[in-house]
Amino acid sequence: MRAIQIVNEEGPDKALELVDLPEPEPSHMMTPGSGVLVEVHAAGVSFPELLQTRGEYQMKPPLPFVPGSEAGGIVISAPEGSALEEGDRVAAFCMLGGWAETAVAPEHFTFVLPPELDFEQGAALVLNYHTAYFALRLRGRLAEGETVLVHGAAGGVGTASLQVARGLGAKTIATVSSEEKKKVAEEAGADHVVMLADGWKDEVVEISGGGVNLVLDPVGGDRFLDSLRSLREEGRLVVVGFTGGSIPEVRVNRLLLKNTEVIGAGWGAYVMSKPELNREIGAAVGRLIDAGIVRPLIGQRYPLEQAAEALHTLDERRALGKVVLDVR
Ligand SMILES: NC(=O)c1ccc[n+]([C@@H]2O[C@H](COP(=O)([O-])OP(=O)(O)OC[C@H]3O[C@@H](n4cnc5c(N)ncnc54)[C@H](OP(=O)(O)O)[C@@H]3O)[C@@H](O)[C@H]2O)c1
């Protein structure tokens, strides 16, 4: 099968190689001896792969390895007793190995893809939408009628969070850095879009009538302090990532002043050993698909052999929706 391997840690231009490999066995490292084999049609591109090309991601498999945590495709085989069967269209979270014509995923991380969604949307579904639900609802306790501020709103996590928040009955305010990204956030269903410029925080406070209930933050960096200032009493800021580069620090007296909280949301490591929770989140996201609210927005698409280009779109802050590789 054709696959992309990471062969060194010298960054996207030098670390990736298109290779020919044997098909994988139906066994996944998270569920040894068991796994769903998937004929991959589209693969997701996300920050961990970019970091892996530089040896900067927390999980460091021995070189060379096939990266790619997300796949949209067709089941080739499923473990005994599984509700999945050969020929099912699926969205799978495989953690590694997705940038290949065949990948293997744990059964509890493989979800039937409804007919409304294509393979690219399948490749965009698990990581971002499960993270969005986990961060907003399970960690951030988002309730109907509340207002959420979503940073990085035109990106993968951002567009997913706008849709999931809407599905949970919340109002959304999106921040973006360009007019092009503003259109993407609007397409993802943002109620209001605020351009990142001096005074964005005042605009958010005004739109929300005194502050938001929740901030969903995949960016971090120097906007963190103004994010805290955007919260109303008892507001929560959910930390999801640090695309802005730096990891912010907080003087905790700020939390005391308005009775606010800073909450961490690390989806992958938390859910990995909890099959039931995965199914529960999958079912919740499934209901939002059925309701017509969750529709992954696909941004730039590249053939498998242009994976380096795909990583550059993330690295250079150019992603418009979810970036995917067309594998076949
Ligand atoms: N905690 C978890 O469980 C979890 C799960 C999934 C992903 N993540 C993390 O969430 C983050 C976002 O992932 P994503 O897939 O949504 O990425 P993405 O599609 O590239 O979007 C990231 C957004 O961050 C903003 N940004 C600000 N400064 C940036 C910079 N210097 N470089 C790149 N982007 C910058 C951009 O929005 P503006 O230009 O509009 O500011 C961009 O749209 C990543 O750090 C990822 O690792 C965490």
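**Close-up 1. Lining of the largest cavity in the predicted model.** The residues E9, Q52, G55, Y57, M59, K60, P61, L63 and F65 line the largest cavity, a cavity being a set of points, on a 1 Å grid over the protein atoms alone, where a 1.4 Å probe fits but cannot get out, with lining residues having an atom within 4 Å of a point. Its volume is about 50 Å³, where a volume is the space filled by probe spheres set on the points, and grid points are joined across faces, edges and corners. By class, this lining divides into five nonpolar, two polar and two charged residues, with Ala, Val, Leu, Ile, Met, Phe, Trp, Tyr, Cys and Pro counted as nonpolar, Asp, Glu, Lys and Arg as charged, and the others, Gly among them, as polar. This is a predicted model, in which local features need pLDDT of at least 70 and side-chain atom pairs count only at pLDDT 80 or more, while totals for chains, interfaces and linings use all residues. Residues are numbered from 1 along each chain as its sequence is written, and side-chain values use heavy atoms, with hydrogens and water left out.

**Close-up 2. Lining of the second largest cavity.** This cavity has a volume of about 30 Å³, and A124, N128, Y129, G156, T159, A160, P296, L297 and K322 line it. The elements that give two or more residues to this lining are α4 (126-139) and α5 (156-167), helices (H or I, at least four residues) and strands (E, at least two) being DSSP runs numbered from the N terminus. Helix α5 gives the most, with three residues.

**Close-up 3. The open parallel sheet.** Six strands, in the order β10-β9-β8-β11-β12-β13, form an open sheet with parallel pairing, where two strands pair if DSSP finds at least two bridges between them. The edge strands β10 (192-195) and β13 (261-264) each pair on one side only. Strands β8 (residues 147-150) and β11 (residues 212-217) pair over three bridges, and L149 stands opposite V215 in β11.

**Close-up 4. The cis peptide bond at P64.** L63 and P64 are joined by a cis peptide bond with omega of about -10°, and P64 lies in the loop between α2 (47-52) and β4 (70-77).

Close-up 5. M95, although not a glycine, has a positive phi of about 70°, and its place is in the loop between β5 (89-93) and β6 (102-105). M95 is buried, with a relative accessible area of 12%, whereas N259 counts as exposed at 51% relative accessibility (buried means under 20% relative accessible area, exposed over 50%, partly exposed in between, with a 1.4 Å probe and protein chains only). N259 likewise has a positive phi, of about 55°.

Technical notes. On a 1 Å grid over the protein atoms alone, a cavity is a set of points where a 1.4 Å probe fits but cannot get out, and a pocket is an open set with protein on both sides within 12 Å along at least five of seven lines; lining residues have an atom within 4 Å of a point.
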